[in-house]
Amino acid sequence: MIDWISSHIPPWLFILLVAHFAILGTVAYLILLERKVASWVQDRLGPNRVGLGFGIIPVVKNWKCWGLGQPLADGLKFIVKEDYRPKNVDRILFSVAPGFMIMKIIISIAVLPWGGTMESKRTITIPASTPDITEYAQHQITMGSTLIGSPVLVAGSADQYQITYRYAFQIATLNIGVLYILAVLSLAVYGVVIGGWASNNKYSFLGGLRATANMISYEIPLGLAVLCIVLMYGTLDLNTIVVRQCHNWGHYIPAWNVFSQPLAFVMFLVCIHAEANRAPFDLAEAEQELVGGYHTEYSAMRFALFFLSEYAGMITTSAVCVALFFGGWDFPGLRGPAGNPGLSDSLILCIIRAVVFFTKTIGIIFVFMWVRWSLPRFRFDQLMMLAWRGLIPISLLLLAMTAVVVYLSHGQIYDGLNSLTALTLFGANLAATLLILIISRLIPPAPATNRKLQVVGSRFATTPLPAGLN
Amino acid sequence: MKDSDVIMLEEPKLSLPDQFYLPQVLIGLGTTMKHMFNVVIRGKDRVLQYPEEKREDLPVEKGGMLLKTYRGVHRLNKDEEGRVKCVACFMCSTACPAHCIHIEAEESPWPDREKYPAKFDIDELRCIYCGMCEEACPVDAIELTHFYDIVGLTRQEMIFDKSKLLQVFDETVKAEPM
């Protein structure tokens with residue numbers, strides 16, 4: 001049975017199923033975590049009543065389990081609620097928008113590097129008359145795996161060969177992984193703007209417009225911050241980027257990019273907050289001004305899909321953040337052989353790596369929530385100013401500095417940073433920060449347009465009121 | 001509005017860390033982390049787990065509630081012979097600012113008074129628990145008890161009739177004698 005599975009079903013299919021359901025299941029619990037974090041910040045305890053027995057199941061009826069049943073009860077509520085559609089909405093687009101949102105999240109998990117490369121061995125039977133046994137063995141391994149070396153004859157048998165093959169412990173082995181993630185995540189703006197427009201509601205529409213402007217603006221510094229890392233390693237493959245972070249500087253400091261490129265990390269973190277449309281960048285759904293933003297008119301499961309995709313989007317962007325800046329699954333003790341730290345011949349090790357990767361991701365998500373319940377929302381002009389006057393120039397400067405360091409290292413940097421280059425990059429980051437601090441003191445402040453609107457009739461108006469209106 | 005009435009406020013000057021924004025953000029994050037630490041690690045939340053813990057069990061100095069002075073659901077008092085004390089004078093329903101008391105008077109079967117309430121309904125959903133009825137009553141027949149957690153599944157259930165109000169008396173007379 002196990003033989004049949006390993007020879008017919010590609011391993012990425014299992015990873016796909018596990019990752020998919022793990023992420024969608026985690027999303028429900030992230031909502032619980034969000035509510036818990038919110039209450040802890042406000043000196044409360046959060047939902048703690050609905051246990052896993054829901055007050056119905058006999059033995060565990062009264063166990064409260066810190067409110068762990070709450071997400072399940074919420075999900076059930078979303079399913080059985082009335083799915084109300086207002087009268088004058090665009091019927092097709094109204095239904096397409098939430099589906100679109102959830103779709104892009106589901107496909108965006110395809111390239112996350114869960115655990116390096118898995119090396120596996122299997123014994124196959126090759127008929128004696130086969131002319132080219134290597135080519136025969138090629139056909140015996142599943143899609144997505146590569147054969148290593150040529151089949152070795154098992155001692156004492158005539159046609160039993162042992163083959164060694166490797167597969168990446170991720171769903172899709174894509175050598176443009178970073179690009180793919182950026183492309184897919186920027187599709188989110190379609191879901192938001194279609195949902196806002198199809199609702200036939202001015203608040204939804206305004207929310208959709210704001211989200212569009214927000215996401216498009218922050219896409220630029222996000223891409224530039226990622227580009228700094230891509231430039232250092234000369235690859236767009238997330239797995240390779242992770243593997244090249246798997247060594248130590250000196251003896252103790254792990255070679256994670258957060259230490260060599262702290263400024264890029266901060267910019268990336270700010271940008272993924274804006275990409276996820278979360279506080280302090282949640283103008284698209286500013287409750288106080290826009291009712292609920294682009295999902296005002298949605299209810300029941302359609303609303304739940306929007307909600308789900310927000311949290312699932314957080315998981316994806318945080319996972320990318322971990323892969324780029326925190327060494328992915330890298331942790332002392334989980335590295336493979338010195339030459340190729342991503343390699344592993346044990347499935348258990350790969351799973352532990354995936355768990356480590358996911359734990360780090362949850363850590364970043366906690367930062368998301370922590371920030372949300374600490375900072376007030378930006379005004380829209382402040383939001384735009386931060387992106388166009390702040391983040392984009394800074395990231396361009398940083399990119400230029402990284403490029404200089406990469407040029408000076410004559411390409412050696414591609415195989416992983418040595419401690420000297422890392423120190424140089426860290427110095428470049430510090431220098432960039434200082435330069436920004438000095439320059440930002442010199443540039444004149446932005447015009448205070450939003451504070452003194454020259455609307456006719458207001459006290460800032462330069463044109464007098466028309467006669468008769470005084 | 002005249003120009004002289006307008007008070008022009010200058011924006012407060014930002015300090016250096018304010019201008020760079022991020023230092024102040026970190027200070028703010030520190031504040032919220034302190035609160036999280038206090039709640040999660042040290043257990044210093046400000047929550048009262050309501051049905052299990054109640055405010056009246058706490059001393060007043062610690063945020064407790066003095067039940068003695070609390071105005072909750074009404075009761076109709078009984079006299080020594082177990083008859084309803086009310087004489088159907090309509091003072092309470094006249095005094096009621098929410099118009100939630102409905103009395104129907106009939107000739108009393110007892111010799112010591114002229115009328116007694118055949119019907120006595122209080123709509124506990126309309127009532128604002130001001131206690132005016134209690135003050136208006138000349139024979140101390142209607143009183144507000146300390147019960148506050150009354151619930152019902154329908155509006156009809158929350159209209160308390162005479163028997164229910166007398167039942168409230170039976171239940172509370174020990175804790176709160178007349």
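Into which domains is chain B divided? In this predicted model, chain B comprises domain 1, spanning residues 13-47, and domain 2, spanning residues 67-172. Taken over C-alpha atoms, the centres of domain 1 of chain B and domain 2 of chain B are separated by 53 Å.

Within chain B, helix α5 covers residues 162-172. Four residues of this helix, L165(B), L166(B), V168(B) and F169(B), are buried. Viewed down the axis of α5(B), the buried residues fall within an arc of 150°, so they line one face of the helix. S163(B), D170(B) and E171(B), by contrast, are exposed and lie on the other side of α5(B). The packing partners of the buried residues of α5(B) are three elements of chain B, namely β1 (74-76), β3 (115-123) and β5 (159-160).

Chain A consists of 470 residues, of which 40% are buried. Its secondary structure includes 16 helices and six strands. Along the principal axes, the C-alpha atoms of chain A fill a box of roughly 110 × 65 × 45 Å. Among the contacts in chain A with a separation of 6 or more, 74% are accounted for by residues 24 or more positions apart.

One position in chain A, A211(A), was examined in detail. This residue lies in helix α8 of chain A, which runs over residues 202-233. A211(A) counts as buried because 26 C-beta neighbours are found inside 10 Å, where 20 or more are required. Leaving aside residues up to four places away in sequence, A211(A) touches V189(A), V192(A), V193(A), N277(A), A284(A) and Y294(A).

Terms used: Residues numbered from 1 in each chain as written. Chains lettered and ligands numbered in written order. Predicted model: local features only at pLDDT ≥ 70, side-chain atom pairs only at ≥ 80, totals over all residues. Helix = DSSP H or I, 4+ residues; strand = E, 2+ residues; numbered from the N terminus. Buried ≥ 20, exposed ≤ 12 C-beta atoms within 10 Å, placed from the backbone. Contact = placed C-beta atoms within 7 Å. Domains from an automatic or database assignment. Arc of directions from axis to C-beta.
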